[in-house]
Amino acid sequence: MTSKPRQSKSISPHRAILILLFIGAICVPGLYFAGVISIETVNMLGRYLTFAIVAVGLDLIWGYAGILSLCQAFFFCLGGYAMGMYLAHHGGPEGIVDADGWKIPACLYVVYPGGVGENEAQWTVPWFWKPFWSLPVTAMLAMFIPGLVALVIGFFGFRSRVRGVYFAILTQAITVAAFNFFSMNNMKFCGTNGLTRFDHIAGSFKLSDPNVKLALYVITVLALAAVYWACHGLIKSRLGRVLVAIRDDENTLRFSGYRPYVYKLFAFVLAGMIAGLAGMLYVPQMGIITPFDMEAGKSIMIVIWVAVGGRGTLAGAVLGALVVNLLYNYFTSQHDFWLFTWKPDYWPFVLGGLFIAVVLWMKGGLMGLPSQLMQLFKGKERQS
């Protein structure tokens, strides 16, 4: 899974961003206001665009630096939990106040792991929940915390020259450990119930308000455009060329006087922060965040999005995330065909077949498919 990708011509960043802004920020809201699509569809697309943001971050480190990370869903959930704690502070029923005058979030109250001999009147809001009362502080911490965790993982991993499949296994093991940590009630992250009971954001704006949902969708579109632009600028810079050199021949780069682990660490931290940003935007649109969102399989799914779209092409990461999730939305509902009833249980077969097709026949992913078809068409013309 760590072999070099087949490079395809990358779409112009100006064109990609203009297409994204035109379709995402103009066409979709226009269809909503025209009554063609519902606000639920807009909300669903907003969630899928947060997945595209994570995929761009993974493509930066996997497609260009050759670092296969299987903990991007963990970073995504760290950002999501940060936003979820802010929303939980301002949601749920009123009146549950601790001895220090802090309102205990409803989702925490129902799973609060009281100590031995402790009654409900002695329960208090944990100290690490309190910074998330403020939205600006939450927005900063939602990216800072995943970046800090990525810094620790990457520093010890890259300094020890752990790479390839071994680094992938290491990051997957860390994700499993994080899942177990967040699932325990005594950690005071609401256990397997997760963070729920969200009512308001930024003061008096109700999350159930269609205008708020539309605003969150537009913010997600703009965030994706900004992330895409920043990552494209990075890979076209001297730093980006060094990352590609690390992917192609790290040993030669090291013998040339570079310290590859520093560049890998930078890219890994940046991808972690991008995933945190995506998680922060995902939670108010989804309405819940649980430890199951950071399961090992979720990170593998992000890898599939990038592979299907086209590894080594940022636009491919966006395309892969949207296509796979739209297919998931369609194939996980029951449909009656002429002599056949499609059931949601069949979705894993579709996903597996799609991934096999990419590995065997579409090594450039969906982004490389047009050039492959053109080559095939030219080959047939020559034979005739």
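I searched the whole structure for disulfides and got 0; my cut-off was a pair of cysteine sulfur atoms within 2.5 Å. This is a predicted model, where local features need pLDDT of at least 70 and side-chain atom pairs count only at pLDDT 80 or more, while totals for chains, interfaces and linings use all residues. Residues are numbered from 1 along each chain as its sequence is written, and side-chain values use heavy atoms, with hydrogens and water left out.

Cys190 is buried at 1% relative accessibility (buried is under 20% relative accessible area, exposed over 50%, partly exposed in between; 1.4 Å probe, protein chains only). For Cys77, the closest cysteine sulfur is in Cys71 at 12 Å, also too far. Cys77 is buried too, at 0%.

Next, salt bridges: I count 4, taking a side-chain nitrogen of Lys or Arg within 4 Å of a carboxyl oxygen of Asp or Glu. Glu250 pairs with Arg163, with the closest N and O atoms 3.0 Å apart. That pair sits 87 residues apart, joining helix H8 (238-255) to the loop between helices H5 and H6; I take helices as DSSP runs (H or I, at least four residues; strands are E, at least two), numbered from the N terminus. Glu250 is buried at 9%, whereas Arg163 is partly exposed at 34%.

Glu250 also meets Lys264, 3.3 Å from N to O. Lys264 lies in helix H9, 14 residues from Glu250. I see Arg163, Glu250, Arg254 and Lys264 linked in a salt-bridge network.
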